[in-house]
Amino acid sequence: MTLATPRLLREHRTMQCMVAIYCRDHHSHGADGTCDECREFLDYAERRLEKCPYGETKPTCAKCPIHCYKPAQREQARVIMRYAGTRMT
């Protein structure tokens, strides 16, 4: 992982936690606790964060004026975040 700032690294770790919760409750688990589909999504999310033009000043995705995810991945992120967000403690 080559995320340039602590803010982007924290955002990626948050997404990792959310995907782990979602995958645990919805999919078969791989060796690291996530299925291939979820691992692929996390790789995509990391690539998008690495290319974020806002860097340290990045707003939350919901408030960002740039929608950098493709429509299918954006919907997948919405589903994962909606489900896992209420289960994070």
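## Cysteines

Cys38 is buried, with a relative accessible area of 1% (buried means under 20%, exposed over 50% and partly exposed in between, with a 1.4 Å probe and protein chains only). This is a predicted model, in which local features need pLDDT of at least 70 and side-chain atom pairs count only at pLDDT 80 or more, while totals for chains, interfaces and linings use all residues. Residues are numbered from 1 along each chain as its sequence is written, and side-chain values use heavy atoms, with hydrogens and water left out.

Zero disulfides are found in a search of the whole structure, a disulfide being a pair of cysteine sulfur atoms within 2.5 Å. Cys38 is in no disulfide, and the nearest cysteine sulfur, that of Cys35, is 3.6 Å away. For Cys17, the closest cysteine sulfur belongs to Cys23 and is 13 Å away, too far for a bond. Cys17 is partly exposed, at a relative accessible area of 41%.

## Packing of H1 and H3

Helix H1 covers residues 6-26 and helix H3 residues 71-85; helices (H or I, at least four residues) and strands (E, at least two) are DSSP runs, numbered from the N terminus. Their axes come within 9 Å and cross at roughly 85°. The axes are lines fitted to C-alpha atoms, for helices over the stretch in contact, and angles run from 0 to 180 degrees between N-to-C directions. H1 and H3 are therefore roughly perpendicular to each other (65 to 115 degrees; under 35 is roughly parallel, over 145 roughly antiparallel and the rest oblique).

On the H1 side, the contact includes Met15, Met18 and Tyr22; on the H3 side, Val79, Ile80 and Tyr83 are among the residues met. Contact means heavy atoms within 4.5 Å. The residues of this contact divide into ten nonpolar, two polar and one charged, where Ala, Val, Leu, Ile, Met, Phe, Trp, Tyr, Cys and Pro count as nonpolar, Asp, Glu, Lys and Arg as charged, and the others, Gly among them, as polar.

## Salt bridges

The structure holds five salt bridges, each a side-chain nitrogen of Lys or Arg within 4 Å of a carboxyl oxygen of Asp or Glu. One of them joins Arg7 and Glu11, whose closest N and O atoms are 2.9 Å apart. Arg7 is buried at 15% relative accessible area, and Glu11 is buried at 16%. Arg7, Glu11 and Lys58 are linked in a network of salt bridges.

In helix H2 (residues 36-50), Arg39 and Asp36 lie three residues apart and meet in a salt bridge of 2.8 Å, N to O. Asp36 is exposed at 59% relative accessibility, whereas Arg39 is partly exposed at 26%.
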